[in-house]
Amino acid sequence: PVVPGSLDDSRPAQLPLIGRGDDREEIVHLLEEGIRGFGGIVMVEGEAGIGKTRLMTEIGRDAEWRGMQLLWGRNLEAEVSSPYAALVEALSKGLTSLRINQLSQLIDEIWFRVLLPLMPQLRDELPQLTPAPSLDPAQEHDRLGQAFARVFAAWGQITPLLVVIDDLHWASENSIDLLSVMSHHLQATRVVLIGTYRREDAQIRKTLWEKIGLLRQSAIKQNIILERLSPEAAGELIRRSLGLSDSVPLFEQRLYAETQGNPLFILETLRALHDEGLLSQDELGNWHTPWDDTTSDYTELPLPQAVERTIATRLARLSDDEYLVLSAAAVLGRDFNFSLLSNTAGMDINQVLSIANTLVRRRFLEETPDAYRFSHDKIRQVTYEVIR
């Protein structure tokens, strides 16, 4: 998660990764094994808001620093995700003309032909490609898994490769089966594929959860479970978020008791308190609550007991126009460009631009090189559910 050093600063700064030293060290060790030719699939499990994507961002930097190329694909919500979309996204991002030319020298053309229906852009560089002959569905599926694995494995011959596939709890069941096929072909390669997922969302889809379970048990290098932050790490996150040099033990203990160390819950609670005027900064930059001099345990702080209510509290403090734009964004999905947002909101372009900047500053949205996206899918989910 990212939070400004000052909660209303218009120039948010990236916080250091907090409380994940052991997890990061374990994954980096697996990356180094991959560089030496002992690749494979790694699963990273964690609840909403625990910091999976944040950790993967740092792991991506660790990988690139070690000379690995990073490819990243993300599954969208189940009702809109297309089969294999995340794998196609990851593969497509790195398939430059040079890379296609190199790969075509390392693997048989049949594997590109198998991928052609999913990636018609291959024909731009390989105009002679025709679709592979049809097989029965089971054989077709196995052949597709082999095709992805062969391309990634050959890529690993060119440069060690890290592939991150985010949000497997929204993947199609066929995608999980495909990973099982791929796993057997990636074990002796310079490719590490990391899949992240949320147990609570995957379990809702019984068959998907069973397939993830089988994948974890039989076909992967490691399954890493991200736990909530310890009280000490949660206290550091609170202090870093507020730019404090000294601990505030009573305040830290109160927030930890309510959030149980979930990083998103902690940050959203701090923002909610700030939005409600219950956490304010004086002219010296020190943070205060109305109860600092009278409390014994900060039980007076009105803290919602669930992140959904915390986010809803923040949403309720938006102006009507701000809420209208954010609701339009929630309808569009987690990622959307400015033109779509402006058209959906039905407001003056300059007004939408100003409001979007406000929503970015207040950490409801964030900017990417090409578009906007919600800073966390839980924020989008709550916004969508409480559209007024």
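Which residues in α13 meet which residues in α14? On the α13 side they are Leu-264, Phe-265, Glu-268, Thr-269, Arg-271, Ala-272 and Asp-275, and on the α14 side Val-307, Thr-310, Ile-311 and Arg-314, where contact means heavy atoms within 4.5 Å. Sorted by class, this contact has five nonpolar, two polar and four charged residues. Here Ala, Val, Leu, Ile, Met, Phe, Trp, Tyr, Cys and Pro count as nonpolar, Asp, Glu, Lys and Arg as charged, and the others, Gly among them, as polar.

Before going on, some housekeeping. This is a predicted model, with local features needing pLDDT of at least 70 and side-chain atom pairs counting only at pLDDT 80 or more, while totals for chains, interfaces and linings use all residues. Numbering runs from 1 along each chain as its sequence is written, and side-chain values use heavy atoms, with hydrogens and water left out.

Back to that helix pair. Helix α13 covers residues 263-275 and helix α14 residues 307-316; they pack at about 30° with their axes 9 Å apart. That makes α13 roughly parallel to α14, given that angles under 35 degrees count as roughly parallel, over 145 as roughly antiparallel, 65 to 115 as roughly perpendicular and the rest as oblique. The axes are lines fitted to C-alpha atoms, for helices over the stretch in contact, and angles run from 0 to 180 degrees between N-to-C directions. Helices (H or I, at least four residues) and strands (E, at least two) are DSSP runs, numbered from the N terminus.

Lys-378, in helix α18 (residues 377-385), belongs in this picture too. Leaving aside its neighbours within four places in sequence, Lys-378 is in contact with Ala-48, Leu-264, Val-307, Glu-308 and Ile-311. Lys-378 has a relative accessible area of 12%, so it is buried (under 20% is buried, over 50% exposed, in between partly exposed, with a 1.4 Å probe and protein chains only).

Now look at the loop between β7 (287-288) and α14. Tyr-298 sits there and pairs with Phe-251 of helix α12, so the pair ties together parts that are 47 residues apart in sequence. The ring centres of Phe-251 and Tyr-298 are 5.5 Å apart and the planes are at 75°, so this is an edge-to-face pair. The rule pairs rings of Phe, Tyr and Trp (its six-membered ring) if their centres lie within 6.5 Å; planes under 30 degrees apart are stacked, over 60 edge-to-face and the rest tilted. Phe-251 and Tyr-298 are both buried. Pro-302 is found in that β7-α14 loop as well, but at 44% relative accessible area it is partly exposed. Not counting residues up to four places away in sequence, Pro-302 touches Leu-278 and Trp-291.

Backbone torsions next. Which phi does Gln-260 have? A positive one, about 55°, although Gln-260 is not a glycine. Gln-260 lies in the loop between α12 (249-259) and α13. Arg-363, also not a glycine, has a positive phi of about 70° and lies in the loop between α17 (349-361) and β9 (365-367). Gln-260 is partly exposed at 39% relative accessibility, whereas Arg-363 is buried at 7%.

The axes of α4 (residues 97-106) and α7 (residues 137-158) come within 10 Å and cross at roughly 105°. That makes α4 roughly perpendicular to α7.
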